[in-house]
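Take a moment with the sequence and the model shown here. The report that follows walks through the fold part by part.

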Amino acid sequence: MTPAAPTLSRDLPHPAREEIRLEAVLHALSDPMRLRIVRELATDGAELSCSDFDLPVTKSTTTHHFRVLRESGVIRQVYRGTAKMNGLRRDDLDDLFPGLLDTLLAAAARQAVRLGGD
């Protein structure tokens, strides 16, 4: 009998829907870079790889922002081959906090126009 090959888990920890807290979501979305990531995910509507985002910060800072978003329950990250894919947990957020995400995204878009940003 041959020993089983060790399994390498690349699953990333995510909070279950019932564990997502409003304070954590609001904290995650309070940072301009994280809000930018969420706006891009909401606009695209599909999963995007980390490399699809052109953020003006270092790779380690980008990794930190994605981790905060994942651990707060705002995004889901999964590996597809060698790419780490990111998707907005819109269904979970809309179920738990109806209207919150749409209101925040609309407010962020208005602010971007007002301030001449993206």
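## A walk through the model

Leu 22 has its place in helix 1. The model it belongs to is a predicted one. With a relative accessible area of 35%, Leu 22 falls between the cut-offs of 20% and 50%, so it counts as partly exposed. Setting aside neighbours within four places in sequence, Leu 22 is in contact with Phe 97 and Leu 100. Leu 48 is another matter: 26 residues separate it from Leu 22 along the chain, and their C-alpha atoms are 24 Å apart.

**The overall picture**

The protein has 118 residues, and 34% of them count as buried. Its secondary structure comes to 5 helices and 3 strands. Read from the N terminus, the order of elements is α-α-β-α-β-β-α-α. The C-alpha trace spans about 70 × 30 × 20 Å along its principal axes.

How much of the contact pattern joins residues at least 24 apart in sequence? Take the contacts between residues at least 6 apart: 65% of them join residues at least 24 apart.

Strand 3 covers residues 83–88 and is joined to strand 1 by 2 bridges. These two strands run antiparallel. Ser 49 has Met 85, in strand 3, as its bridge partner.

**The nonpolar core**

Which residues touch the most other members of the largest nonpolar core? They are Val 38, Leu 69 and Val 74, in a core of 23 residues. Four helices each supply at least two residues of this core: helix 1 (22–29), helix 2 (32–44), helix 3 and helix 5 (100–115). Helix 2 gives the most, with 5 residues.

Val 38 shows how parts of the chain meet. Beyond its neighbours within four places in sequence, Val 38 is in contact with Leu 29, Leu 69, Val 74, Leu 88, Leu 101 and Leu 105. Two of these partners, Leu 69 and Val 74, are also named with Val 38 among the core residues that touch the most other members.

**The aromatic pair**

The structure holds 1 aromatic pair. Its partners are Phe 53 and Phe 66, with ring centres 5.3 Å apart. Their planes stand at 70 degrees, so the pair is edge-to-face. The cut-off for that label is over 60 degrees.

Where do the two partners lie? Phe 53 is in the loop between strand 1 and helix 3, while Phe 66 is in helix 3. The pair therefore ties together parts that are 13 residues apart in sequence.

| Residue | Relative accessible area | Class |
|---|---|---|
| Leu 22 | 35% | partly exposed |

Definitions and conventions:
Residues numbered from 1 in each chain as written. Predicted model: local features only at pLDDT ≥ 70, side-chain atom pairs only at ≥ 80, totals over all residues. Heavy atoms only, no water. Pairing = 2+ DSSP bridges. Core = buried A, V, L, I, M, F, W, Y, C linked by side-chain atoms within 4.5 Å. Buried < 20%, exposed > 50% of the residue type's maximum accessible area, 1.4 Å probe, protein only. Contact = heavy atoms within 4.5 Å. Phe/Tyr/Trp six-rings, centres within 6.5 Å; stacked < 30°, edge-to-face > 60°.
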